[in-house]
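Please keep the sequence and the structure in view while reading.

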Amino acid sequence: MTLYYSLVFAMLMTEMVIFLALIVPLPFTWRRKLFTFISESPIIAKLQYGMKITFIFILILFIDSINRVYRVQVELSAFSKSESRGGAVVMGGSERMEVQARKFYSQRNMYLCGFTLFLSLILNRTYVMILDVLRLEEELKTLKGDPAVKGKKGSSLQNAGNAGEIGALKEQLATKDRDMENLKKQVENMQKEYNRMGDQVSGKSQ
């Protein structure tokens, strides 16, 4: 297995672990903290952005593996037709085994990339469904006056979005705040320079 397909396999194993972590039964308080962290963490937002780029490369590998499977299948089909017609043997036993091995590896790579892409879609949908269930459960506990939910508005799931969405928005807001502070400093410096030049001009006129 080449390096990039080994990385795809590692990605598939990681997705399986994440999927098990999402569906494992946990107390409501623990699960709410977990999903709040996933929604608000800027680290999760960066990881999600990197995974989107990685999935694009996996999709390219998936298309390439399908193309390889098709070419090997055409090659084997041509050999089978030649044998059925009683034609000359165009492929020896070792050559046919080599083609069968290429077919096996191509199919393995196709299934590996396909399952990785499919599980990524399942993970996203599972996260959204569990988040909706937790929101409804939180609303129900709030209406019942459950003390475990009261006074914890800061960790509420009502404002939680996709994985890392709130964290990414917070990071963008912090960047805009820094830009605003820099702009204010520039304006203050320009104002001071303008006042200094005005004092110099008024001093010369006197």
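Thr 116 lies in helix H4, which covers residues 93-144; helices (H or I, at least four residues) and strands (E, at least two) are taken as DSSP runs and numbered from the N terminus. With a relative accessible area of 0%, Thr 116 is buried, where buried means under 20% relative accessible area, exposed over 50% and partly exposed in between, computed with a 1.4 Å probe on protein chains only. Once its neighbours within four places in sequence are left aside, Thr 116 is in contact (heavy atoms within 4.5 Å) with Val 8, Met 11, Leu 12, Glu 15, Phe 55 and Ile 58.

This is a predicted model, in which local features need pLDDT of at least 70 and side-chain atom pairs count only at pLDDT 80 or more, whereas totals for chains, interfaces and linings use all residues. Residues are numbered from 1 along each chain as its sequence is written, and side-chain values use heavy atoms, with hydrogens and water left out.

## Overall make-up

The protein has five helices and zero strands, and from the N terminus on its elements run α-α-α-α-α. Of the 206 residues in the protein, 26% are buried. Among contacts with a separation of 6 or more, 79% are between residues 24 or more positions apart.

The unreviewed UniProt entry lists residues 6-28, 49-70 and 109-134 under "transmembrane region"; the positions are given in the numbering used here, feature names are shortened, and such annotations may be inferred rather than shown by experiment. In the model, residues 49-70 are 100% helix and 0% strand, with end C-alpha atoms 32 Å apart, while residues 109-134 are likewise 100% helix and 0% strand, with end C-alpha atoms 37 Å apart.

## Helix H1 and its two sides

H1 has 21 residues and reaches 31 Å from its first C-alpha to its last, close to the 30 Å expected at 1.5 Å a residue, the expected span being 1.5 Å times one less than the number of residues. The buried residues of H1 are Tyr 5, Val 8, Met 11, Leu 12, Glu 15 and Leu 22. Seen down the axis of H1, these buried residues fall within an arc of 105°, so they line one face of the helix; the arc is that of the directions from the helix axis to the C-beta atoms. On the other side of H1, Leu 3, Leu 7, Val 17 and Leu 20 are exposed.

Met 16 also has its place in helix H1 and is partly exposed, with a relative accessible area of 40%. Met 16 and Leu 119 are 103 residues apart in sequence, yet their C-alpha atoms are 7.9 Å apart in space.

## Nonpolar cores

A nonpolar core is here a set of buried Ala, Val, Leu, Ile, Met, Phe, Trp, Tyr and Cys residues joined through side-chain atoms within 4.5 Å. The largest has 11 residues, namely Tyr 5, Val 8, Met 11, Leu 12, Phe 55, Ile 58, Leu 61, Leu 112, Cys 113, Leu 117 and Leu 119. The elements that give two or more residues to this core are helix H1 (3-23), helix H3 (42-84) and H4. A second, separate core of nine residues includes Phe 35, Leu 123, Tyr 127 and Ile 130.

Val 8, leaving aside its neighbours within four places in sequence, is in contact with Ile 58, Leu 61, Leu 112, Cys 113 and Thr 116. Ser 65, placed in helix H3, counts as buried at 1% relative accessibility. Not counting residues up to four places away in sequence, Ser 65 touches Tyr 5, Ser 106, Asn 109 and Met 110.

## Helix H2

At 1.5 Å a residue, the 13 residues of helix H2 (residues 28-40) should span 18 Å, which agrees with the 18 Å between its end C-alpha atoms. In H2, Phe 28, Arg 31, Arg 32, Phe 35, Thr 36, Ile 38 and Ser 39 are buried. Seen down the axis of H2, its buried residues fall within an arc of 160°, so they line one face of the helix, and on the other side Trp 30, Lys 33 and Phe 37 are exposed.
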